[in-house]
Number of protein chains: 2
Amino acid sequence: MTEGMEYTERKVVYEEKMKTLQDKLQHLGSLVEASIAQTVEALKTQNLELAQAVIDGDDLIDDLEREIEERCLEVIATQQPMARDLRRVATLFKMTTDLERMADYATSIAKITLRIGDQPLIKPLVDIPRMALLSQKMVKQALDAYVREDVDLACAVGKDDDEVDNLFGQIFNELLIIMMENPKTITQATHLLFVGRWLERISDHATNIAEEVLFLVTGEKCSLNE
Amino acid sequence: MTEGMEYTERKVVYEEKMKTLQDKLQHLGSLVEASIAQTVEALKTQNLELAQAVIDGDDLIDDLEREIEERCLEVIATQQPMARDLRRVATLFKMTTDLERMADYATSIAKITLRIGDQPLIKPLVDIPRMALLSQKMVKQALDAYVREDVDLACAVGKDDDEVDNLFGQIFNELLIIMMENPKTITQATHLLFVGRWLERISDHATNIAEEVLFLVTGEKCSLNE
């Protein structure tokens, strides 16, 4: 067997393993998207059972994160990918961490929902669900950008991040006014402020992923937000 | 040359490269510690120049993060470490991300300081500097735990995290009372609430590092907080 053949065979196995890893990553992404959707739905409808389900579901996400990381290391150890192939695995490894952190924030929001309990909401939630929808879209697009190595799609994630930041600015100002007008709202308003911040952080993580994709494809470090 | 010798030589080079990586990691850690210390000092003394310096210094931290990541990939590609040695590099790679995120939070705090500007502080800051001191200690201990593979030290980081959480709970309650008593304080109080939260997140990242160290040493996944 020649060195060349060995290389080709190894490359085939590598690509198969990467395909499996990408599928798992997208599965993780869909769990995280669902977690974001459910946690905000639970908050909006004050569905405490759903909030608890989000918290309970976080273990599954942690397990999948760990599994993907293990498989990344296995691919590196057994296939010894070089240069760009190694970078592809490393990027996937990093993205997994970002996804897991997003799920942590979804859990933090669910805990706030449990704290608010059945107290009437101080305002109907409109911008918070909008932030959540945008964040979900960003997660999906960032992962698609990775799989397709699509620079334009990665840049689109950065644009949505700006919109999430604007929405958070709006929520922040609105909640400050509500608190000033009626100090009885302060406790819940600060809870809702944190919900907004956690959604903003979720979208930051999606942006981190998009930046990683850009670095992978272009070799240039860039900052998509601010 | 025998296979065995080749392995031994590779191992020697690997250990040298890991030593350099660990030194760089500790350098990154010390920059992050300084960043936490300075950002809270700037807030406490309303030193806007220092706050700006923290923001400006973040690029240096980002560059060092990227450099360490590149070197991790280089070690993997050229030394092809197996099993536990591979895991050591992977852990260092992950820790680097945590450190960079901590520095991001320090920057977020500096931005809040700039926003507060020269408005008088609504209260003398006592617990916030305490949280910052604990966080700095946690960063240092988590990195030392990695270098020494010290399980006890890693567990100590988890204990400090509980204390940071308690301090944040205190700050939260105190600020709520201040806001309720005087709605004019609301804007600044919410800023300070976020400062508390960012410090809590910084300590969460230190705890993540400690958990990674425990996983590296014991092979067991564990959760040090909550």
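Reply: A residue is called buried when its relative accessible area is under 20%, exposed when that area is over 50%, and partly exposed in between (1.4 Å probe, protein chains only). This is a predicted model, in which local features need pLDDT of at least 70 and side-chain atom pairs count only at pLDDT 80 or more, while totals for chains, interfaces and linings use all residues. Residues are numbered from 1 along each chain as its sequence is written, chains are lettered from A in the order in which they are written, and side-chain values use heavy atoms, with hydrogens and water left out.

Me: ok, so is Glu65(B) buried or exposed?
Reply: Glu65(B) is buried, with a relative accessible area of 8%, and this residue lies in helix α2 of chain B (helices are DSSP runs of H or I with at least four residues, strands are runs of E with at least two, and both are numbered from the N terminus).

Me: what is Glu65(B) in contact with?
Reply: Leaving aside neighbours within four places in sequence, Glu65(B) is in contact (heavy atoms within 4.5 Å) with Lys94(A), Leu28(B), Thr96(B), Thr97(B) and Glu100(B). The side chains of Glu65(B) and Lys94(A) are also joined by a polar contact of 3.3 Å, a term for a pair of N or O atoms within 3.5 Å where, within protein, one must be able to donate a hydrogen and the other to accept it, and where residues adjacent in sequence count only if both atoms are side-chain atoms.

Me: how many salt bridges are there across the interface of chain B and chain A?
Reply: The rule finds 10 salt bridges there, each being a side-chain nitrogen of Lys or Arg within 4 Å of a carboxyl oxygen of Asp or Glu. One of them joins the side chains of Lys94(B) and Glu69(A), at 2.3 Å from N to O.

Me: and which element gives the most to chain B's side?
Reply: Helices α2, α3, α5 and α6 of chain B each give two or more residues to the side that touches chain A, and α6(B) gives the most, with 13 residues.

Me: how are the two chains related?
Reply: A rotation of 180° with 0.0 Å of shift along its axis superposes chain B on chain A, with an RMSD of 0.0 Å (least squares on the C-alpha atoms of residues with pLDDT of at least 70 in both). That is the relation of a two-fold axis.
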